[in-house]
Amino acid sequence: MTAIKHALQRDIFTPNDERLLSIVNVCKAGKKKRNCFLCATVTTERPVQVNVVKVKKSDKGDFYKRQTAWALRDLAVVDAKDAVKENPEFDLHFDKVYKWVASSSVEKNTFISCIWKLNQRYLRKKIDFINVSSQLLEESVPSGENQSVAGGDEEAVDEYQELNAREEQDIEIMMEGCEYAISNAEAFAEKLSRELQVLDGANIQSIMASEKQVNILMKLLDEALKEVDQIELKLSSYEEMLQSVKEQMDQISESNHLIHLSNTNNVKLLSEIEFLVNHMDLAKGHIKALQEGDLTSSRGIEACTNAADALLQCMNVALRPGHDMLHAVKQQQQRFSDLREQFARRLASHLNSVFVQQGHDQSSTLAQHSVELTLPNHHPFHRDLLRYAKLMEWLKNTDYGKYEGLTKNYMDYLSRLYEREIKDFFEVAKIKMTGTTREGKKFATLPRKESAVKQETESLHGSSGKLTGSTSSLNKLSVQSSGNRRSQSSSLLDMGNMSASDLDVADRTKFDKIFEQVLSELEPLCLAEQDFISKFFKLQQHQSIPGTTTNEAEEMDGGTLSRSYTPGVPQTISSEKDIIRQMMTKIFRCIEPELNNLIALGDKIDSFNSLYMLVKMSHHVWTAQNVDPASFLSTTLGNVLVTVKRNFDKCISNQMKQMDEVKISKKSKVGILPFVAEFEEFAALAESIFKSAERRGDLDKAYIKLIRAVFVSVEKVANESQKTPRDVVMMENFHHIFATLSRLKISCLEAEKKEAKQKYTDHLQSYVIYSLGQPLEKLNHFFEGVEARVAQGIREEEVSYQLAFNKQELRKVIKEYPGKEVKKGLDNLYKKVDKHLCEEENLLQVVWHSMQDEFIRQYKHFEGLIARCYPGSGITMEFTIQDILDYCSSIAQSH
């Protein structure tokens, strides 16, 4: 190690003016054994810099090279891993943690001890030595070679003190004055001694010469003291003279202070009196307006409003401390309180009278609206009441009890008024829907026995709409049974002067217009009333708040507007929003039941009406939510929309149930199944209704359910059919479904459209092959035997040598099928197909053309076998392909 150290000092550190103090042989922890050296060095120039240098042996030779250097001042932590056991591992924390493994624990300890001494001698910074033995952190521990390097050399450096510039200049001047100073040091030292003695003597003489000047200074000090005594005597006399003046000035100052204090008190008293007079004095005109003001005229209402505001300002004035103790202030406050109570009582009584009068006046106008599908306009009443809006705000701020009583009375009177108007309005709507007269029986409103109502409901559901009423034909596929079912249902609808046969597009359009008019009348009525309530009762309505519970309406019946109200505490925006909802719920509590009754009636008349209602209700809910998603109108319409959606789903479920329970006639051919035609009608109607509706997704889901049910029911009917072949039922009905979906272009049913087309094609091909069968039966059996021989391994050209399949046998079979017999067989086949197919789908020519192609394919197959198995025999069929085409054409034309 000594040789390596000398070599590193010579080759690396001496050229850089550095001295190597300690060295340790290390390798990186956790990696391959590639050794290097960590060296602790100091520079030979001042100021001294201490470094830790990593030295590595070069890959190209045996010399060492300097790889990395860290300044000792950047070292933060030295971690020796274990302070008790011998462990060669240690970590140095510079900008990051460097993990090392020394070749021996002794080298590691020596290196760490050197680092500690260098830090103590040159840096004195805070370096943390972790897991290091305390013996290593003592300066006297190192010995041997390292001590001679890190100890003796450094002490020698510390004993040397460098001369500063001034000392160096003085020595140079001294040596220039004595040229022999360097050659004869003794003579130079003797000269310096003599000059020092001369200087000492001069200092003593200077001290002795200054004694005379000291005596003179003492005399001057004595004279100054005498002058000071004289000045003190004069000052004492002056002080005695001013003492009397001081006493007089004190008396004057005290008198001035009392005068100023009196003036200040007078000013403050005047200010307090002016404050009370200016802020707690109510004009006589205001008092008269509060006591006797006219609450019926606009001018009187304005005067009362101004007087009430002035009274409120006087009552709400912020009194200063002590004012409430004054008797006059108490009297004035009591007077204001009496005026407030008197006016509040008079205002509440007047408004209650207005509410009662409104109920009586408005009821007289109900007759003119009873024959028309319109609701009375409350705008004039709202306009008249809004004149009292500021007075209501005053009442809310001053006497919340009376304000709450007025609110309750308003809800009581107006709820009864609106209930009469809305019930009459819905009665007119029901009359227009059912066609009954006002004097006649009102559909679905008169009391009936439970069994009768149940029977009527079932009959109405069984006879309404094409998918509910006319789908009674699903139970019996005969037209007669369907007609009987309709006649039975129509007898139950005589009370409304309408039958299921009258429920056409015009009837549904009429219902749609009536339902839309109902919603269009209700929506502005509710919005106008809500806007009036917020303005008249001074409640916030435009801030969004969290949803409220359904118990709010029940709490209104108890007479409380809000559970969170405390007298004297302003209502929050959230609670005021709740109050509006609660008031609207009580005032219009009959809207939701009436709407549900109207929806139930529309669904009984024709279940297709649920489509119109779903679209209209969804649109109005969407519009109401855009205005205010938490409003009464939005909530009510949303609840009704749930009922409409439930009816719509029920309508779809009923159609699916009827399809599943369908029964077919055993005596007549099936044709196009009624529910297939009715799905077409349903889809066409639904597309026209949902053209630009917000709830298109609901219709798409219903489409999927219905079309799958149609597919399943067609399969079921086809399997159970006895009169009509299964393939014909499948072919005709899936062709009809495919044509319907292609015409309507319903995007969500693209997969079903492709499936219907595939089923139609497959069953068409199956029916053609099954019906055509083997028109040349004996010839067909003959060639089947030929193909069997070929399959057994006999070569095709050798089949004619077989006894059963020689040329004579072939000619004999061919002669049994002349052109006349072939045409007769095809004619019988055409009649058979015509008997199976229905006229409404018009697939006869399509099927006949497919049979013609299949027959020609069999013909070509026979000709190919003759050519391969009987080459050169000249045997041919007794009719040609052209003959087949002529036969098929003439048969089709003749029928």
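A residue counts as buried when its relative accessible area is under 20%. By this criterion C869 is buried, because its relative accessible area is 1%. The model in which this value was computed is a predicted one.

C526 is likewise assigned to the interior, being buried with a relative accessible area of 1%. The closest cysteine sulfur to that of C526 belongs to C590, at 9.4 Å, which is too far for a bond. A disulfide would require the two sulfur atoms to lie within 2.5 Å. Over the structure as a whole, the number of disulfides is 0.

The structure holds 28 aromatic pairs. One of them joins F94 and Y98 in an edge-to-face arrangement, with 6.3 Å from centre to centre and 65° between the planes. The assignment follows from the angle, because planes over 60 degrees apart count as edge-to-face. Both partners are shielded from the probe: F94 is buried at a relative accessible area of 11%, and Y98 is buried at 16%.

A further pair is formed by Y859 and F879, whose ring centres are 5.4 Å apart. Y859 belongs to helix α29, which spans residues 844–869, whereas F879 is placed in the loop between α29 and α30, the latter covering residues 881–894. The pair therefore ties together parts that are 20 residues apart in sequence. Y859 is buried, with a relative accessibility of 3%, and F879 is buried as well, with a relative accessible area of 1%.

Ring pairs also build a cluster, which links F355, F381, Y400, Y403, Y410, F532, F536 and F537.

K108 is located in helix α2, which comprises residues 105–123. Although K108 is buried, it has no salt bridge. Which side chain of opposite charge is nearest to K108, and how far away is it? The nearest is E86, at 6.5 Å.

Terms used. Residues are numbered from 1 along each chain as its sequence is written. This is a predicted model: local features need pLDDT of at least 70, side-chain atom pairs count only at pLDDT 80 or more; totals for chains, interfaces and linings use all residues. Side-chain values use heavy atoms; hydrogens and water are left out. Rings of Phe, Tyr and Trp (its six-membered ring) pair if their centres lie within 6.5 Å; planes under 30 degrees apart count as stacked, over 60 as edge-to-face and the rest as tilted. Buried means under 20% relative accessible area, exposed over 50%, partly exposed in between (1.4 Å probe, protein chains only). Helices (H or I, at least four residues) and strands (E, at least two) are DSSP runs, numbered from the N terminus. Lys and Arg count as positive and Asp and Glu as negative; His and the chain ends are not counted. A salt bridge is a side-chain nitrogen of Lys or Arg within 4 Å of a carboxyl oxygen of Asp or Glu.
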